[in-house]
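This briefing is for a reader who is new to the structure shown below. Please look through the sequence and the model before reading the points that follow.

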Amino acid sequence: MPELGKLVAFFDFKDGRDGLLHFSGMTACSETLSVITRRRFCVQATDNTGKPASTTPARDKNKPTLDRYYKSVYFILHDKFWIGHGLVNSDWAKLEEEFNHIGKPSPKPKGIIDSVPFISSGTKLAQLAVLFGLGEPSLGYYNNCEENYDAIKQCRDAMPILDMEKEKDMGSNIYPMISHLRKFQQPPEKATTKSARGSEPRKSQKLEGKENPPRKSLAESPSSLEERLLVAMKMLEREDRVTFFDFKKGSNGLLHFGGMEVTSKTLEFITETRFCVQATQINGRPARNTPAWLKNEPTLSESYNRVYYMLHNKTWIGHDLRKSDFPMLEKECKHIGKSPPRPKEIIDTVPFISSGSKLGKLAVLLGLGKPAARLDCRNCQVNYNAIKKCRDAMPILDVEIEQDKESNMHPMISLIKKYQQPPEEETSILFGHEEETTKRKSPQGKVKDGGVRKSLRLKEASQRLKKKSM
């Protein structure tokens, strides 16, 4: 294997839905994948004369062209190994075209590592890479490069879960996943003959003889309120609901609530609520430690009805609900003089990810229990997406798919429930003192007094002394 340079470049350059060109690129160390520099921006497409193309929307006519950023793009990409998804058939050609239009020399790669052949390989690691988001375009196109970078790093962490040998070319100091990706590269002449559409695998393709059903994201959910209500009514006719929720203190000093109602059997999205509120004191007034610039934010009393309707008498699912979220919610409800919602059942994911099982370790990589950066009220959505991805990972890890038909629960929920403490064991921990006192009770139900037992022993001893004296 030829030696790889010390620096590699991840990049993505595609047409966005907004009519602009989206670029994202980063330079990283080839041994550790630590990021050295990164850049992302949106520009207008240009025509052969280097002027903005006529297809640019009117609202974006003031956006710059690639001519403004060509130096930074050239610095990030030139003479480095390029890593990305669909680079050969899409991004590289588009980049060269735009550089030619503005009359600038296009950056050239030392080599290209395209992830398309890897995720088309059908291996277990490739299937997990798709779950991690490798090659999956996001709504913000200039984030695609960072998502691919994160997915490749997650794949490295998933290697031990799959009992894969940690391969590393010590001579060239290449990050293990880069070495693994290069094994699936085709010669350039073969790779360029395929069309971009044909080379990228769809999620509905069969991998290893198994068909992965397409997954619906929240973005694909019905947009209008009327359509959502119709979907919700149809779902409710067939099955019960469960609620994912999260209620924690955020980095900005406010309390962040996020709740999602989904169907218990299929985990289809029904409705969602999220907001930020001030913490309150015992008298219901805002807490004194709230920052001055957040004093106008509402308290939980204004959103109480929404929270109560979403949570009360439903099965709750979340991370660390018992020790963190539920006590905090209960406390805030009491401060504002309202009765806190009560669950039918609590399914906490903490015992599951602490179990040490392969699926539990993978769930951590998929984001279960990991707080969302700067978006604390979206933690609930992160947990929901992670659990759905864990469901898709069950066949990959050869986990037996079990479904509790009596409770009509999704297989992943049934599996997480297995790691919960049994009710009798839980009550013995919570009410250990009461059970201890019941063990001391006599068959008649009366607690034996230590003083009575002592007087009986003294009486028996006195009778023995009398017999000896006689």
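**Charges over rings**

K80 lies over the face of F75, 5.6 Å from the ring centre. The model is a predicted one. The points below cover charges, confidence, the sheet and the aromatic pairs.

- The charged end of K314 is placed over the ring of Y309, at 5.2 Å from the centre of that ring.

**Confidence**

- The chain has a mean pLDDT of 78, with 72% of its residues at 70 or more.
- In residues 188–222 the pLDDT is below 50, and this stretch has 54 contacts in the model beyond near neighbours in sequence.
- Residues 424–452 also stay under 50 in pLDDT, and the model has 11 contacts for them beyond four places in sequence.

**The sheet**

- An open sheet with mixed pairing is formed by five strands, in the order β10-β9-β8-β11-β12.
- The edges are taken by β10 (269–277) and β12 (345–348); each has a single partner strand, so one side of each has no neighbour in the sheet.
- From one strand to the next, the twist averages 20 degrees.
- β11 and β12 run parallel and are joined by four bridges.
- W316 stands opposite I346, a residue of β12.
- Helix α10 (residues 304–311) lies across β8, β9 (255–263), β10 and β11, and runs at about 35 degrees to β9.

**Aromatic pairs**

- The structure holds 16 aromatic pairs.
- One of them joins F244 and Y384 in an edge-to-face arrangement, with 5.4 Å from centre to centre and 80 degrees between the planes.
- This pair links distant parts of the chain: F244 belongs to strand β8 (residues 241–249) and Y384 to helix α14 (residues 379–393), 140 residues apart.
- F244 counts as buried because its relative accessibility is 1%, and Y384 counts as buried because its relative accessibility is 2%.
- The pair of F245 and W316 is edge-to-face because the planes of the rings are at 80 degrees, with the centres 5.2 Å apart.
- F245 in strand β8 and W316 in strand β11 (residues 315–318) are 71 residues apart, so their pair links distant parts of the chain.
- Relative accessibility is 1% for F245, which therefore counts as buried, and 0% for W316, which therefore counts as buried.
- Ring pairs also link a cluster made up of F11, F13, F23, F41, Y69, W82 and W92.

Technical notes
Residues are numbered from 1 along each chain as its sequence is written. This is a predicted model: local features need pLDDT of at least 70, side-chain atom pairs count only at pLDDT 80 or more; totals for chains, interfaces and linings use all residues. Side-chain values use heavy atoms; hydrogens and water are left out. Rings of Phe, Tyr and Trp (its six-membered ring) pair if their centres lie within 6.5 Å; planes under 30 degrees apart count as stacked, over 60 as edge-to-face and the rest as tilted. Helices (H or I, at least four residues) and strands (E, at least two) are DSSP runs, numbered from the N terminus. Buried means under 20% relative accessible area, exposed over 50%, partly exposed in between (1.4 Å probe, protein chains only). A charge sits over a ring if NZ of Lys or CZ of Arg is within 6 Å of the ring centre and within 35 degrees of the ring normal. pLDDT is the predictor's confidence in each residue, from 0 to 100. Contact means heavy atoms within 4.5 Å. Two strands pair if DSSP finds at least two bridges between them. Axes are lines fitted to C-alpha atoms, for helices over the stretch in contact, and angles run from 0 to 180 degrees between N-to-C directions.
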